[in-house]
Structures are given as structure tokens and as C-alpha cells.
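Work through the exercises below with the structure in view, and try each task before reading its solution.

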Amino acid sequence: RNIKMEQEKTADHQHDFICSVFLSNAQAAAFQRGNVYSLDSATRVFKALAPLFVKDLHAKLWALETTYKNPVTEEKHIENLQRFADDLSAAHAPVLHEGRFRIGTAQKAMNLYLKYLWCAGWIPEPPHCPIDRIILTHLGIENVNWTSLDDIGKYRKIMEKVRERAGGSGSSIAVWELELWK
């Protein structure tokens, strides 16, 4: 009995360690060239508040594993994305560029974290994939910068093009992007 409890405890620690790596990687990918933070990044107030934003971002991403344990519809996913961006914006506006955690950066962090969880076998296939310059270029979309995108309607239109391209290849969105990434 004690051995089984120790094995479960170790498995929990392993899971938590891997999730922390996923969180760091998702954040780094979403924030690169993303102009996420306000221009006041040298101030003492910013330095005190920015770690709280990152902690909240990680907590919200971590919670997605529970939310996505069962399949989530595309519409529910878009609602979750909008709420994710809006909640972080409302709570952390002083540290964010123009007071917003934009949809483009939010979707990259959220969709990439979900991709990691899916690839690890911890959640079912997510409804969307991370959108970045590689995906946009592949779709022939040149007039959109994903890091400055902050319009859920434009995000929906991009996902429509992704769905069309994925469907044309006979794959789901997540599988199509994984194959494209390879």
C-alpha cells in the first residue's frame, strides 16, 4: 500500500514537472516578438506586478487540463479564448501593452498549451491549433500579424481558412497543424 501511494505521488510530481515545462514553453512562444508588456517595464510598479500576471497566466493555462478533459466544441473553445484574454486583461492591464492581453497572444499560449497536453495524451484532441507566422504564411495570409491580433472575429476567419485547408487534406485542424509542423 505504501509503495502504491509513493508511486502515485511520484506520478503526480512527474505530471506537475512536465506541465511546468509546457507552461514555460507556451509562454515563451506566445511572448516572443509579441510586445506583451507595457512600455513602463522599467518601473518598480511594473516589476512588482509582472510576476503576478505570469502567475495568473500559468494558473489559467494549468486549469485548462480540467476544462478540456472531455472534448470541447469549437464555439466553447472560442468563448474560453475570449474569456481567457479578457480576464487576464482586466486583472493585469497596468503591465500589458495598451492594457490588453491580445487575442493573438492569448490564442498562441492557450492553443500551444492544449497541443502539449494532447500530444502527452492527457486530453482529447483540441478544436484548434496555435496560429503563428508559419500557419499564416502557409495559408497565404500576409496582412495579419498574429501578435497584434485582438479581434475574435478575425481569429474566427483565420480558423475558417485553417479548417478548409485541414479538411482538404482529410485531417482535423490539430492533426493538420501537427503534420505541417513536422
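**Exercise 1.** Decide whether Cys19 is buried or exposed.

Solution. Buried means under 20% relative accessible area, exposed over 50%, and partly exposed in between, with a 1.4 Å probe and protein chains only. Cys19 has 0% relative accessibility, and therefore counts as buried. This is a predicted model, in which local features need pLDDT of at least 70 and side-chain atom pairs count only at pLDDT 80 or more, while totals for chains, interfaces and linings use all residues. Residues are numbered from 1 along each chain as its sequence is written, and side-chain values use heavy atoms, with hydrogens and water left out.

**Exercise 2.** Find how many disulfides (pairs of cysteine sulfur atoms within 2.5 Å) the structure holds.

Solution. The structure holds zero disulfides. For Cys19, the nearest cysteine sulfur is that of Cys119, 13 Å away. For Cys129, the nearest cysteine sulfur also belongs to Cys119, at 12 Å; Cys129 is buried, with a relative accessible area of 1%.

**Exercise 3.** Check the span of H4 against its number of residues, and then ask how enclosed this helix is.

Solution. Helices are DSSP runs (H or I, at least four residues), numbered from the N terminus. The expected span is 1.5 Å times one less than the number of residues, so the 17 residues of H4 should span 24 Å, and the end C-alpha atoms, 23 Å apart, agree with this. Of these 17 residues, 15 are buried, so H4 is largely enclosed by the rest of the structure. After H4 comes Gly121, whose phi is positive, near 85°.

Technical notes:
Helices (H or I, at least four residues) and strands (E, at least two) are DSSP runs, numbered from the N terminus.
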